[in-house]
Amino acid sequence: MKAIVATKYGPPEVLEVKERAKPHPRKNQILIKVHATAVTTSDSRVRAFRFPLWNPMILVFRLILGIRKPRQPVLGMVLAGEVEAVGKSVTHFQPGDQVYGMTGPSFGCYAEYLCLSEKSCIAKKPQSISFVDAAASTYGGLFASYCLEKSGIKSGDKILIYGASGAIGTAAIQLAKNMGAEITGVCSTANLELVKSLGADATLDYTRDDISESRERYDLIFDAVGKDKTSPLKQQCAKHLAKGGKYISVDDGMLKSRKEALLHLNSLMEAGTFKPVIDRSYRLEDIVAAHRYVDQGHKKGNVLISV
């Protein structure tokens, strides 16, 4: 099978198309023929091992991901595909099932085939949803779900999402809207209309707006881009928390992927109240170009890979 392999950390050019042995499922695993995956910001960071030195998790990341080179040379955290075979102990999936999900730090999705435990964060895909949309919903949807759940927001809360046009931000707008929150999305000028179309009640442009004199207060400020990206507006936003409000960043610990969150995304996608935003799509063979684009830091929503 074809797979994208990174034998060292570095720029996008460390990614190479190589032939690898097709895996076979163990007794508790399913073999998935991958139809689509995505280049997430996490994939880009891991490939380059680009983590701020101030991050208290950096030593943990080294141990988990690999000290001198990626422990798992086939990157890729999300996938959508079809079950081709199952191990003898598998009870929840069968050949022909269309599935999608997230592997997290075990990676492996930049390949034509992948084996996963049936207990992994993977679920059957709604028939009405394409493989591409399923793969595009996973990273942002799970990350946003985890952070919003951790924040404890409720209907009527005012929330500000900084980085509202990225994969996590676009998902957070839609999920928070479904929760009944009042949303202010922060993004660049070019993405204001996109953010409004997803359900933001108000928008702020980080390239030109100033809220230092504003009396607006937010029950939650969600930093969907991370602490290594900032602006004068971002610094101002941190001072506008309501009494008892929370400030949550995607850098606050590691994502805990849950199958229940995928099933919730299923119901929202089937109801038409959640739709992932796709910026660009590439072939598996063009993975270097896809990583170059993501490295620029200006993608809108998700960058997909067709396998």
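This is a predicted model: local features need pLDDT of at least 70, side-chain atom pairs count only at pLDDT 80 or more; totals for chains, interfaces and linings use all residues.
Residues are numbered from 1 along each chain as its sequence is written, and side-chain values use heavy atoms, with hydrogens and water left out. Helices (H or I, at least four residues) and strands (E, at least two) are DSSP runs that are numbered from the N terminus.

The axes of helix α3 (residues 131–151) and helix α7 (residues 259–271) come within 10 Å and cross at roughly 115 degrees, where axes are lines fitted to C-alpha atoms, for helices over the stretch in contact, and angles run from 0 to 180 degrees between N-to-C directions. The two helices α3 and α7 are therefore roughly perpendicular to each other; angles of 65 to 115 degrees count as roughly perpendicular, those under 35 as roughly parallel, those over 145 as roughly antiparallel and the rest as oblique. On the α3 side the contact (heavy atoms within 4.5 Å) is made by S137, T138, G141, L142 and S145, and on the α7 side by A261, L262, L265 and M269. By class, this contact of α3 with α7 has five nonpolar, four polar and no charged residues; Ala, Val, Leu, Ile, Met, Phe, Trp, Tyr, Cys and Pro count as nonpolar, Asp, Glu, Lys and Arg as charged, and the others, Gly among them, as polar.

Helix α1 (residues 41–48) and helix α8 (residues 287–295) also have axes that come within 10 Å, and these cross at roughly 100 degrees, which makes α1 roughly perpendicular to α8. The residues in contact are T41, D43, S44 and R47 of α1 together with H291, V294 and D295 of α8, and they divide into one nonpolar, three polar and three charged.

S130 lies in the loop between β7 (121–124) and α3. With 34% relative accessibility, S130 counts as partly exposed, a class between buried (under 20% relative accessible area) and exposed (over 50%), taken with a 1.4 Å probe and protein chains only. S130 and G81 are 49 residues apart in sequence, while their C-alpha atoms are 9.9 Å apart in space.
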